[in-house]
Amino acid sequence: MRNRKKLTVKMNGETIDKQEKLNQKQAHFNQKIYNEQAATNEITNKNVNPFARDKGNKKKGVKISNMRRIGYVKELKPIIIAVITAIFIGSVLGFILLKMFVNIDNGLANTSNSNPVVHLDANTKDTPKENTSKVTLPSIQAFVLQGGVFSAEENAKEFASKYNKKNINTVIWERDNQYYLITGLANSKESANDLADQQEGHGLEVFVKEWESPAIEVQLANNEFEWFQSLHNLLVKSIDGINGKDSLPVDGWSALFDENKTESEKIISFKEKIEPYTKNIKEGGKSDIQYELLEIWYELEAFLSKL
């Protein structure tokens, strides 16, 4: 056989086979690049929406929104606390003021200058036989002649002897740890001045002074209230009549002490204290009754202040 020689053709310094392989690789590479670019463009065109919100941004937006809400709550917290506090304080003050006005109204409604006022006390424990009440006896006012004021009763008694020697009866009135020497009683300042001139004519020094026992509230049974109310009215009327303004209520004093009704220990005890001074009154006031009325007035104030 004849040996054949292989013919080799070169192009650009490379054999044709090798050059073809290079060309194929280059073409394959270009095609791959093209496919990848096309795929990228296709994916981009499908998924990209200019109006769509990125999921990551969406989550981030939610977090930011929540943070803003928390911030708003923190800013409003002091205001909310202040509003609640103001409502609470306003409610408490309103309740206190309401109670104050109610008490003031009750006090005004219960005030009286002439007649005793009865206040029923729901918390009072009634005695087995009697119902008790709070009664307010009004004040008693008049003009007195004052011989002096002393810190010790012994000194007042010693000074009173000067008046007694001149046949002027006196009453030593204890009040606020002091002892007042009272030498006369009148229903007006004019009458008191006339009486003072008479005593000064005996060489005695006296001062005209307006005298008052304040209104007092005490706890009394119903029958006790009625009795002390009658006594209060008789005393006031008798003081008005000592200088000829009104007639002396003799019948009233007699009826008040001659009653045979069942009486409490308080009434019996007080009757015993003032009975020595009522004899002259029940007899029609044959002698000067200033002394007796002063003693009854003093004993009434002292007795009621201890109840």
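Which residues are exposed on the other side of α4? In this predicted model, the residues in question are E190 and Q198. The rest of the helix is worth a look before moving on. Helix α4 covers residues 189-200, 12 residues in all, and its first and last C-alpha atoms lie 16 Å apart, close to the 16 Å expected at 1.5 Å a residue. The buried positions in α4 are A192, L195, A196 and Q199. Viewed down the axis of α4, these buried residues fall within an arc of 105 degrees, so they line one face of the helix.

The chain runs to 307 residues, and 28% of them count as buried. Take the contacts between residues at least 6 apart in sequence: 70% of these join residues at least 24 apart. The chain exposes about 22,000 Å², with carbon and sulfur atoms supplying 52% of that area.

Back to the helices, and to a packed pair. Helix α5 (residues 222-241) packs with helix α7 (residues 265-282) at an angle of about 25 degrees, and their axes are 10 Å apart. With angles under 35 degrees counting as roughly parallel, that makes α5 roughly parallel to α7. On the α5 side, the residues that meet α7 are N223, E224, W227, F228 and L231; their partners in α7 are K266, I267, F270, K271 and I274.

Helix α6 (residues 250-258) has its own set of buried residues, namely V250, W253, S254, L256 and F257. Seen down the axis of α6, they fall within an arc of 165 degrees, so here too the buried residues line one face of the helix. That set packs against α5, α7 and α8.

Among the strands, β5 holds I140. With a relative accessibility of 4%, I140 counts as buried, because the cut-off for buried is under 20% relative accessible area. I140 and S213 are 73 residues apart in sequence, yet their C-alpha atoms are 5.2 Å apart in space. Leaving aside residues up to four places away in sequence, I140 touches W211, E212 and S213, and also H232, L235, V236, I239, W297 and L300.

Most residues other than glycine have a negative phi. N167 is not a glycine, but its phi is positive, at about 60 degrees. This residue, N167, is in the loop between α3 and β6 (171-175), and it is exposed, with a relative accessible area of 73%. N177 also has a positive phi, near 60 degrees, again in a residue other than glycine. The loop between β6 and β7 is where N177 is found, and N177 is exposed as well, at a relative accessible area of 67%.

Note on methods
Residues are numbered from 1 along each chain as its sequence is written. This is a predicted model: local features need pLDDT of at least 70, side-chain atom pairs count only at pLDDT 80 or more; totals for chains, interfaces and linings use all residues. Side-chain values use heavy atoms; hydrogens and water are left out. Helices (H or I, at least four residues) and strands (E, at least two) are DSSP runs, numbered from the N terminus. The expected span of a helix is 1.5 Å times one less than its number of residues. Buried means under 20% relative accessible area, exposed over 50%, partly exposed in between (1.4 Å probe, protein chains only). The arc is that of the directions from the helix axis to the C-beta atoms. Contact means heavy atoms within 4.5 Å. Accessible areas come from the Shrake-Rupley method with a 1.4 Å probe; for residues, only the protein chains shown count as cover. Axes are lines fitted to C-alpha atoms, for helices over the stretch in contact, and angles run from 0 to 180 degrees between N-to-C directions. Angles under 35 degrees count as roughly parallel, over 145 as roughly antiparallel, 65 to 115 as roughly perpendicular and the rest as oblique.
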